[in-house]
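Subject: Structure handover

Hello,

Here is the structure I promised to pass on. My notes follow below it.

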Amino acid sequence: MPTTDTPTLFQRLLAWRERKMTDRQLTIVLSFVIGVLAALSAYVLHTLISFIARWLTQGFDDDSINWLYLLLPMIGILLTMLFVRYVVKDNISHGITRILYAMSSKQGRLKRHNCWSSIFASAITIGFGGSVGAEAPIVLTGSAIGSNIGRLFGLDGRRLLLLIGCGATAAIAGIFKAPLAGLVFTVEVLMIDMTMSSLLPILVASVTATCTTYLLTGTESLFSVQIADYRLMECLPAGAVLGILCGLVSLYFIRTMNLCEGFFARLSNHPYLRWMIGGLVLSVLILFFPSLYGEGYNSLNILMSGDSSAWHNLMANSLFYDYDHLLLLYVGLVILTKVFATSATNGGGGVGGTFAPSLFVGGFGGFLFARLWNVYAIGPELSEANFTLLGMAGVMAGVMHAPLTGIFLIAELTGGYQMLLPLMVVSICAYLTIIVFEPHSIYGMRLAREGKLLTHHTDESILRLMNVDDIIENEDVAVLPDTSLGDIVQSISRSSKSYIAVVDQGGRLLGELDVIRLRKVLFRVELYQHFTANQLMTPPVAQLLHTDPVQEVMDTFERTGAHQLPVVDGDGVLKGYIIRSRLYITYRQMVADYSTE
C-alpha cells in the first residue's frame, strides 16, 4: 500500500507559525520561554550547590581546623574533570568568553550540551569547595538555550544573537532578582546593541526570569543587606578613593588570573598533573582561609549585615578563629589569595566563572578600606556594610569593564536606590582606572587579541560576523597550464567572468588569464595553437586564505585596487573568487539588517 509522510506535531506548529507570526513576534514569544527556562536552570544549579555543600560540611566545628578541606576540593575537581572528559567530551570552561566567541565566529551557534552540562559540572565544582562562581555557567546555559531554541525555529543569525542576549539577561536577572542589571550586563559585556527590535525581547526575558525566581524562592534578596545611614557629601570623597583602589585591585585580579591560566595551559597535555597541582593549591588555601570555600556569599552576607559582633565568624574553621585582632590581616590575605584559588579551581579542571569571585574580592576590599579608614580616623566614620557593597560594584566594574552592571546590580540588591550616587562614583572611578592598563574585560581580552571580539561599533561587528564562505564565488571554469589559446577561447565563451583561473592537476592556483588584457590575441585564429595558458597567465595581485577575517579581505582590496581576488586553502588549492562589488553589497545589506528597528 502507498504510504504518505504525515507531518509531526512540531512540523505543523512550524507551518502554522510561518503563516500566522512574523520573526519579530516569534522572537518575543521565545524570549518569554527562554526567561522561564533560564530561571529554572539557575534555581536547579543553586539548589544542587547548596545541597552538596550542606551535605559535605555539616557538623564542622567553628573553633577548629577541619582537615577535610584538604580533601573535598580535590575530589570535586577530579569528579568535574572526569565528567567533562568522559561525559561531555568538550571544553565548557570560560563560559562567557565562549559565548562571545560563538557570537563573533559562529553566528550565534552554541552546542546543545551547553544547555545542561555547565549546570552539573559547576554544581560539583562549587559544592565541593571550588572557589568560583555559578553565574558564568548559568549565563552560558541561558545563552545556549536561546541559541538552540532559535535554531530549532529556523531563525537567522541576527535573531540568534538576540536570543543569546535574552538567555544571558535572563540568567543574571534570575540569579540576582535584578532585571535591570541583567539588561545592562548584556549591553556592556556581550555587546548587544539596543534597538527597538532587540530591547523588547530582552526586557521580556529579564522580567520573566525575575518573576519566575520570585515564584520559586520568594522575594528575598540573594544577600542579606543592611544599609546604614550615611552623610552623602562626606561619603563621596572616600568613594572616589575606593573606586581608584578597586580599579587597581581589578588590575591585580586580571593580570594574576592570566598568569595562572598561562601556567595551567602549558600543562594541557597532562590533565591529571593539572588536577593534582590545582587541587592541592586550592585545598591548602581553603584550609587556611575557609572563606574561600565555594562562592563565598555567606562571608559577604556577614560583612553586609551591619553586625560587627558577627565579623569573627569570617574566621570560623581557621587558625585565625578567636583571634579577633587579626581580622584585618585575615581579610587582606583572603583578598590576595582569592584569585589564586579561582585560578587553581578552573586550571585544575573545575568549571566556574569569575563573576562571583570579583564580587567577593570587591566586597572584602570595600570592607577592609572602610575598616582601616575608621581605625586610623582618616575622616568621617564610614559604614563597613555600605562600603562592602560599594567595593563589590567597583571591582565588578573593573574586572568586567561594566560600570553600569555594577551600579544597577548593587542598587537592585539593596532593594532601593538610596546609594545610587556613591555607586556611580565608585564604579566610574574603578572603570576609568582599569582602562588605563587594560582596554578589554577579563572575558573579552582573549578574543580581542585574535580580532574576534564584537563591539558596539556596528561596522566592526558586521565585519566580524561576516564569513568568507558566505561571499565566495566557486570557480567552475578553470584551465590547465598547457591549455591552448583556442581552448581558452572556448572556456571564455562558457564563462560570464572577465578572468579565467589557471590551476595544476591538483587544483592549486598558478595564475590568472585576464580577458581584457588578452583581447588583442583572442580573435587571431592563426595564434590559437601557438600560445598556452602558461605563457599568457599573470600572477594574481594577491591571494586570500579561506580563513582570513573579512576585515583583512577588505584591507587587501583597498591596498591592491583589485576587482576580484582568488581564495585558496592552506595548500594553495583554489576554492573560488571574492568579487569586490559583491563583498560591499553584502556588507551594506548586513549593516542595514543589523540596524533595522
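Asp-90 pairs with Lys-111, and their closest N and O atoms are 3.3 Å apart. Asp-90 sits in the loop between helix H3 (72-88) and helix H4 (95-105). Lys-111 sits in the loop between H4 and helix H5 (117-127). The pair therefore ties together parts that are 21 residues apart in sequence. Asp-90 is partly exposed, at 21% relative accessible area. Lys-111 is also partly exposed, at 44%.

Please keep in mind that this is a predicted model.

**Other salt bridges**

The count comes to 5 salt bridges.

Arg-371 forms a salt bridge with Glu-384, with the closest N and O atoms 3.1 Å apart. Arg-371 belongs to helix H14 (residues 355-375) and Glu-384 to helix H15 (residues 384-400), so this pair ties together parts that are 13 residues apart in sequence. Buried or partly exposed: which is Arg-371? At 26% relative accessibility, Arg-371 is partly exposed. Glu-384 has 11%. Buried means under 20%, so Glu-384 counts as buried.

Glu-558 forms a salt bridge with Arg-580, and here the closest N and O atoms are 3.2 Å apart. This pair links distant parts of the chain. Glu-558 is in helix H24 (residues 550-560) and Arg-580 is in helix H25 (residues 580-595), 22 residues apart. Arg-580 is partly exposed, at 22% relative accessibility.

**The largest pocket**

How much space lies in the largest pocket? The volume is about 1200 Å³. Its lining has 39 residues. Ser-50, Ala-53, Glu-295, Tyr-297 and Asn-298 lie nearest the centre of the pocket.

H2 gives the most, with 10 residues. By class, the lining has 17 nonpolar, 17 polar and 5 charged residues.

**The open sheet**

Three strands form an open sheet. Their order is S1-S2-S3, and the pairing is mixed. The edge strands are S1 (478-479) and S3 (509-514), each of which pairs on one side only. S1 pairs with strand S2 (residues 499-503) in the parallel sense, over 2 bridges. Which residue of S2 is the bridge partner of Val-479? The partner is Val-502.

As background, the strands of a sheet pair through backbone hydrogen bonds, either parallel or antiparallel.

**The hairpin**

Strand S5 (residues 564-568) and strand S6 run antiparallel, joined by 5 bridges. Val-567 has Gly-576, in S6, as its bridge partner. The hairpin has 5 residues between the strands. In this hairpin, Gly-572 takes a positive phi near 85 degrees.

Why is S6 (residues 574-579) described as largely enclosed by the rest of the structure? Because 5 of its 6 residues are buried.

**To look at on screen**

Two places to begin are the pair Asp-90 and Lys-111, and the pocket residues Ser-50 and Ala-53, which are among those nearest the pocket centre.

Best wishes

Conventions
Residues are numbered from 1 along each chain as its sequence is written. This is a predicted model: local features need pLDDT of at least 70, side-chain atom pairs count only at pLDDT 80 or more; totals for chains, interfaces and linings use all residues. Side-chain values use heavy atoms; hydrogens and water are left out. Two strands pair if DSSP finds at least two bridges between them. Helices (H or I, at least four residues) and strands (E, at least two) are DSSP runs, numbered from the N terminus. A salt bridge is a side-chain nitrogen of Lys or Arg within 4 Å of a carboxyl oxygen of Asp or Glu. Buried means under 20% relative accessible area, exposed over 50%, partly exposed in between (1.4 Å probe, protein chains only). On a 1 Å grid over the protein atoms alone, a cavity is a set of points where a 1.4 Å probe fits but cannot get out, and a pocket is an open set with protein on both sides within 12 Å along at least five of seven lines; lining residues have an atom within 4 Å of a point. Grid points are joined across faces, edges and corners, and a volume is the space filled by probe spheres set on the points. Ala, Val, Leu, Ile, Met, Phe, Trp, Tyr, Cys and Pro count as nonpolar, Asp, Glu, Lys and Arg as charged, and the others, Gly among them, as polar.
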